Amino acid sequence: MTPRAVIIGPPGSGKSTVGPALAARLGLAFRDSDDDIVASAGKPITDIFAEEGEPAFRALEEEMVAKALAEHDGVLSLGGGAPITPGTRERLAGHTVIFLNVGMAAGVQRAGLSTARPLLAGVNPRATYKALLDARLPVYREVASFEIETDQLTPDEVVQAAVIGLTEISKEQP
């Protein structure tokens with residue numbers, strides 16, 4: 001079993017909005033690895049970060065992503081930082097990965113820089129967001145099958161672009 005599509009991208013790129021809409025459009029189930037993490041840990045991600053630290057969170061995230069990649073055959077959305085873990089990057093090889101890219105201005109506006117996003121909390125969240133984008137962009141592109149620039153698109157337009165991309169990929173496969 002393998003997901004039909006895995007969605008990645010930074011906070012504010014639209015993963016939580018586009019993922020379920022794409023799954024519905026394709027007639028498939030939707031799964032979010034962040035929801036799996038919360039269910040497994042029995043507490044919110046912000047609490048995992050605060051109580052156990054980012055390394056513990058990333059280890060649990062890697063475990064939950066591996067499980068979802070093995071079990072789920074619909075649309076799977078990953079947390080924004082999931083691809084930074086080498087084990088997760090390796091596991092994404094061979095999967096159809098859609099990178100929802102967002103520029104800093106749109107990402108900051110959409111993400112809201114709330115404390116619900118532990119890596120964006122701090123003294124200068126805009127600078128933190130820019131550093132996050134700069135660090136993760138090469139990783140996202142490394143694992144992506146294709147990329148969709150979401151800044152100027154509505155969620156429906158992003159879903160349509162994803163469907164077109166998935167159709168093109170299926171034509172290329174033997």
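1. Angles between elements run from 0 to 180 degrees between N-to-C directions, with axes fitted as lines to C-alpha atoms and, for helices, over the stretch in contact. On that convention, helix α8 (residues 155-172) runs at about 160° to β5 and lies across β1, β4 and β5. The coordinates under discussion are those of a predicted model.

2. The overall make-up is as follows. The chain holds eight helices and five strands, and from the N terminus these follow one another as β-α-β-α-α-α-β-α-β-α-α-β-α. The chain has 174 residues, of which 46% count as buried. Its accessible surface amounts to about 8,300 Å², with 53% of this belonging to carbon and sulfur atoms.

3. As to the range of contacts, consider pairs of residues at least 6 apart in sequence: 74% of these contacts join residues at least 24 apart.

4. The five strands form an open sheet with parallel pairing, in the order β2-β3-β1-β4-β5. Its edges are β2 (30-32) and β5 (146-149), each of which pairs on one side only. On average, neighbouring strands of the sheet are turned by 25° against each other, direction ignored.

5. Strand β4 (residues 97-101) runs parallel to β5 and is joined to it by four bridges.

6. Helix α4 (residues 54-71) lies across β1 (5-8), β2 and β3 (75-77), and its direction makes an angle of about 165° with β2.

7. Which residues of helix α3 are buried? In α3 (residues 45-52) they are Ile45, Ile48 and Phe49. Viewed down the axis of α3, these buried residues fall within an arc of 95°, so they line one face of the helix. The spacing is in keeping with a general rule: an α-helix has 3.6 residues a turn, so residues three or four places apart point the same way.

8. Just after α3 comes glycine 53, whose phi is positive at about 90°.

Note on methods. Residues numbered from 1 in each chain as written. Predicted model: local features only at pLDDT ≥ 70, side-chain atom pairs only at ≥ 80, totals over all residues. Heavy atoms only, no water. Helix = DSSP H or I, 4+ residues; strand = E, 2+ residues; numbered from the N terminus. Buried < 20%, exposed > 50% of the residue type's maximum accessible area, 1.4 Å probe, protein only. Contact = heavy atoms within 4.5 Å. Areas by Shrake-Rupley, 256 points an atom, 1.4 Å probe, with all protein chains shown as cover. Pairing = 2+ DSSP bridges. Arc of directions from axis to C-beta.
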